Every structure is written in C-alpha cells, then in structure tokens.
Amino acid sequence: MVAQLMSRNVGDRAMVPAPVERRRPTRTDWTVVVLLLAAVPVVHDIGTMLTAPYWLDEAWVALSVRMPLADLPVATSSTPIGWSLLLRLVPDSDDLRVVPLAFHVLSVGVAYALGRLPHWPTRQLGIVAGTVAGAAVLLLPAQQVRHDLKQYSADAAVTVGMLALTAWTERTWSRRRLGVLVAAVCVGMLFSHVTAIITPGVFGGMFLVNLVRRRWARLLDVAVAGFIATWLAAAVYVVFSARARSDEMREFWAAAFPQPHELPGYLAERLDNLAPVLGAPVLFISGLAVAGIMTLAWSRRPATAIAVSSLPATVIVLGVNEVYPLLDPRTSHFLVVTAVAMAGIGLVGAATLAVGLVSRALHRSLPTAVTATICAVLLGAFAIHNGAWYRFDGHEPGLERTPVTMMDVRSATEYVNNHRSRNDVVILNPTAWYGFAFYSKRDPIDMITPYNNTVGWWVAMPSRSDVIMVPGLDASGIRLGVERGLELAAQRGGARIWLIRSFVGLEEAEAWRSVLADYRVEQVTDGIEPVVLISEG
C-alpha cells in the first residue's frame with residue numbers, strides 16, 4: 001500500500017506545482033537569455049535592415065529627427081512621442097532602424113520572462129518554458145517583415161512585457177510591484193499606443209482574481225492602481241496622440257473597421273492572410289495559445305491569463321467601433337507576437353501534461369529532459385518549416401515582398417542633388433516628397449500644419465525654389481505639374497528638368513505614361529524607381 005502511494009505520488013509530481021525556491025534570475029537564466037539575444041543577428045538580416053532606404057511611411061517618421069523638439073507633438077501625433085525621442089539618440093539618421101531592431105531584441109527577452117515567471121513545478125521546467133517562449137518569438141516569420149521605422153515592434157515588446165510584469169506581480173505580491181506596473185503603463189504609453197489596449201485586461205484580471213478570493217485589501221490596492229494607471233495613460237494620449245484621430249486617418253483605415261455583421265467573414269479572411277507570417281496554421285497556433293492561457297491559470301498566474309484572454313475581445317470591440325484597426329498585419333503585430341509567445345508556453349504546458357500522464361501510467365517519474373526534448377523537436381520543426389524566412393531581405397521568392405524593396409527615393413534624390421546644376425528644375429509626385437525632403441539633408445525644412453493628409457502635416461523646403469510637386473495623381477494634375485516645370489525651366493534659361501517618382505500605383509503609372517508621351521523622356525538611372533529627364537519633344 002505504501003509502495004503504491006509512493007509510486008502514485010512520484011507519477012503525479014510533474015503535475016503538482018511545488019514552491020519555487022529561487023525567485024531571482026539564476027546564472028542559467030542569464031545564459032539562456034544571452035544565447036537567445038545572440039541569435040537575433042543570425043536570424044535577421046541586420047545589414048539589409050539598417051542600410052535599406054526609407055520608404056514612404058518611414059520617411060515622414062525619419063523627418064522628425066530634423067525638426068525642432070517643439071514640432072514633435074504634431075510631427076509624431078500618430079507615432080508615440082517616446083519613439084520619436086529614441087530616434088534622436090541614433091547618431092546617424094541613416095541608421096534609425098536600430099530602434100525597431102532594439103525592440104525586436106527586447107521582445108525576445110520579455111517573452112523569455114513571460115514563460116519563466118509562472119509557478120512551474122521545477123525551476124528547470126521554468127527555464128525550458130522561458131526558452132521555448134523566447135525562441136518562438138525569435139523564430140516568428142512576422143518579426144522578419146516588421147522592420148518598419150514605426151512603433152510596431154515596440155507594440156509587441158510592450159504588450160508581452162506588460163504581461164510578464166503582471167506575472168511578476170502575481171508571483172510575489174507587494175504594493176511596490178504594483179507601483180512598478182503602474183509606472184510601466186505610463187512609460188509604455190510613451191512608446192506604444194497598444195499599452196492602452198492591454199492595460200484594462202491587466203488590472204481587470206488582478207481585480208477579478210482578488211475579488212473572487214475576497215482579498216479586500218489587495219482589491220482596494222488594485223482598484224487605486226488601475227485608476228491611476230488609466231488616468232496616466234489617458235493623459236499621455238490626450239497630450240501627445242489625440243490629434244492623430246482625424247477624418248483622414250479614419251478613412252485610411254476604413255477597410256480595417258468591419259461592421260458587426262461582417263465579423264465572421266472579415267475575421268476568417270484576415271486570419272487567413274496572417275497565416276504565412278505566423279509560420280504555422282492559424283488553428284494550430286490558436287490552440288497552443290489557448291493551452292498557454294490554461295497553463296498560466298494552472299501555474300498560479302490567473303490574472304495574467306485573464307489579461308491575455310481579454311485581448312481578442314478588446315481588439316474586436318475597438319475595431320467595430322472604429323477606434324483601432326482590426327487584424328491589420330502592421331498594427332496588429334503585437335497580437336501575432338503575443339499569440340506565438342503564448343503558444344510557446346502552451347507547448348510546454350501540453351508537453352508537461354503528456355509527460356505527467358505517461359509517468360502515472362509507468363508508475364515512475366520522467367525527467368524534465370523529456371519535456372524539453374518534446375519542445376525542442378516541435379520548435380525545431382517550426383524553424384525548419386520557416387527556414388526560408390530567416391535572414392529575409394524583403395524580396396525572397398515565394399514570400400511576402402515588403403515596401404522597402406519597392407521604393408528607393410534615396411538613390412534618386414542623391415543622384416539628382418549630386419548632378420543637377422543650380423538652374424535645373426526637379427518635379428516630384430506627392431509620395432516622393434517626404435523622402436526627398438529627408439534625403440536632401442543640406443536643405444532646411446519647415447513644417448506646414450494643419451494639412452489634410454493622414455499625418456496632418458506637410459513640409460516646405462524654402463531654399464529649394466527649383467522643386468515642383470505635381471498637384472494631383474491623375475492625368476490633369478500630372479500635366480499641370482509638368483507644364484509648370486517647363487515654364488520654370490524656361491525662366492531659368494532652358495535648365496534641365498529632373499523627374500523623381502515614388503510609390504506609383506497602376507492608375508498613376510498609366511496617367512504618367514499618357515502625359516509623358518507628349519514629351520522627350522530620357523531615363524538616366526536604373527533601379528526600382530529610376531530618375532528621368534524631361535524636355536519638350
């Protein structure tokens with residue numbers, strides 16, 4: 001009888017949480033984190049990432065580093081102010097993508113923390129969980145395409161980081177840790193608007209858990225902390241970001257704001273579009289993510305589990321109410337990274353359950369190495385399946401093509417500025433303007449606001465009287481711009497006319513062909529966005 005009880009206890013040991021003896025990171029923890037972070041340059045093509053020219057959406061963000069600090073609240077209204085301030089710390093403005101790279105690195109580290117902090121049966125199993133969660137984020141294909149000079153990588157790092165802090169607060173409850181969580185909300189809002197999406201789930205989860213457990217003192221602390229965090233987040237938003245909610249911005253994202261009756265079809269289509277960058281079938285990742293939520297609850301982190309669970313419903317409500325784009329690949333990058341981190345935790349939880357069941361059947365305890373082996377095999381299969389994505393340069397056969405490979409205003413601008421004479425004229429289409437202004441680094445710029453585009457501002461180049469922007473993208477607007485260029489060239493003594501275009505759509509390209517058919521056109525550079533010279537036929 002004693003032997004049977006001992007055998008049963010041994011078999012169940014893997015499934016019964018035991019107190020964690022060491023609460024501070026161990027040398028093994030730091031070693032694993034260092035190895036994961038060291039793998040970032042192995043997985044990512046950092047050289048291409050840092051040296052590629054800025055495309056349209058990046059160019060206006062890059063322009064902010066050339067503006068006075070007083071202009072930042074307007075210039076970065078749709079980008080968190082903290083992100084813009086970080087860009088100013090980069091010595092060379094051509095290397096600004098080091099900031100999204102830094103948040104990619106951070107997302108791997110905080111994913112390790114999120115997997116490590118639950119109350120696992122053994123310290124070794126916690127290290128396995130942290131390793132799998134961090135590696136899953138490291139190997140995620142979506143991380144390869146989100147090198148944009150915008151806050152999407154920060155969205156992911158802040159979201160996973162907030163969840164890790166929630167698990168850390170649950171691990172050892174104290175007002176100090178709760179205060180750290182409140183401070184994290186304020187700091188997070190400076191770098192990611194998504195902080196406002198995850199915050200209600202974080203404090204709502206802790207409130208609900210303490211309410212159910214009737215811990216009234218903690219309940220009051222959470223209520224006060226949540227109130228303070230909400231007001232701090234609202235203050236940051238009102239001061240720095242509220243002006244970004246313009247009619248032009250809502251119109252731009254209109255396709256990502258479904259009506260309630262459109263949700264089933266809309267969600268199915270958007271999830272299907274996300275499948276390639278998830279690196280595995282959506283149902284598989286979703287199932288493991290659900291297992292991850294259950295694992296958090298089982299491992300004494302119920303508030304963290306509630307916070308994660310709240311995200312899908314929150315983003316759907318925000319999307320239907322036209323507050324935040326629903327499942328757009330860029331703005332919902334934080335959901336993809338969070339889902340994969342949770343899938344990593346779910347994988348470890350499922351493997352632990354399976355090993356525990358086998359242990360019970362065999363009446364002997366299987367070591368943690370068995371769980372680690374199962375996870376390593378499945379994670380290795382994930383990496384092999386997605387091998388083509390790693391060191392992705394934006395234009396690999398059979399994979400998604402990123403905007404960075406389709407636009408190159410830098411080469412065109414530098415060529416024209418190096419080869420034009422003082423009397424020459426430069427004609428631009430509107431989508432080349434931000435990049436031209438940024439890469440004309442010796443020419444001062446002035447902000448023009450308000451302006452009826454999505455970012456709400458424009459820039460003038462007062463020292464460049466030789467530059468003309470076509471007033472429209474249809475044939476009439478293009479023709480008017482070209483005629484103005486010819487007139488200005490004539491006034492300057494028959495100067496040459498340079499044409500720079502970027503991000504030209506099909507309809508605009510056809511309009512340019514029809515207009516330029518009446519003139520002599522000479523292509524003077526190669527590349528994806530060549531420079532041409534225009535003269536009368």
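Which residues make a nonpolar surface patch of about 620 Å²?

The patch is made by Leu220, Val224, Phe227, Ile228, Trp231 and Leu232. Patch members have over 30% relative accessible area and no salt bridge, with like charges joined within 9 Å and nonpolar side chains (Val, Leu, Ile, Met, Phe, Trp, Tyr) within 5 Å. A salt bridge here is a side-chain nitrogen of Lys or Arg within 4 Å of a carboxyl oxygen of Asp or Glu. Accessible areas come from the Shrake-Rupley method with a 1.4 Å probe, and for residues only the protein chains shown count as cover.

Val224 counts as partly exposed because its relative accessibility is 44%; buried means under 20% relative accessible area, exposed over 50%, and partly exposed in between. Helices (H or I, at least four residues) and strands (E, at least two) are DSSP runs, numbered from the N terminus.

## How to read the model

This is a predicted model, in which local features need pLDDT of at least 70 and side-chain atom pairs count only at pLDDT 80 or more, while totals for chains, interfaces and linings use all residues. Residues are numbered from 1 along each chain as its sequence is written, and side-chain values use heavy atoms, leaving out hydrogens and water.

Let us turn to a strand. In strand 5 (residues 497-500), Ile497 and Leu499 point one way, Trp498 and Ile500 point the other way, and all are buried.

Strand 5 pairs with strand 1 (residues 425-428) in the parallel sense, over four bridges. Two strands pair if DSSP finds at least two bridges between them. Across this pairing, Ile427 stands opposite Leu499. Strand 5 also runs antiparallel to strand 7 (residues 532-536), joined by three bridges, and there Ile497 has Ile534 as its bridge partner.

Most residues other than glycine have a negative phi, and most peptide bonds are trans. Two residues here have a positive phi: it is near 60° for Leu327 and also near 60° for Arg391. Leu327 sits in the loop between helix 18 (302-320) and helix 19 (333-362), and is buried at 11% relative accessible area. Arg391 belongs to the loop between helix 20 (368-385) and helix 21 (409-419), and is partly exposed at 40%.

A cis peptide bond joins Thr449 and Pro450, with omega about -5°. Pro450 is in the loop between strand 2 (446-448) and strand 3 (458-460).

## Rings that meet

How many aromatic pairs does a search of the whole structure find? There are 17. Rings of Phe, Tyr and Trp (its six-membered ring) pair if their centres lie within 6.5 Å, with planes under 30 degrees apart counted as stacked, over 60 as edge-to-face and the rest as tilted. Phe252 and Trp253 form an edge-to-face pair, because their planes stand at 85°, with the centres 5.0 Å apart. Phe252 is partly exposed at 46% relative accessibility, whereas Trp253 is buried at 13%.

Trp433 and Trp458 are stacked, because their planes meet at 10°, with centres 6.2 Å apart. This pair links distant parts of the chain, with Trp433 in helix 22 (residues 430-439) and Trp458 in strand 3, 25 residues apart. Trp433 is buried at 8%, and Trp458 is buried at 10%. Ring pairs also link Trp60, Trp433, Tyr434, Phe436, Tyr451, Trp457 and Trp458 into a cluster.

Technical notes:
Buried means under 20% relative accessible area, exposed over 50%, partly exposed in between (1.4 Å probe, protein chains only).
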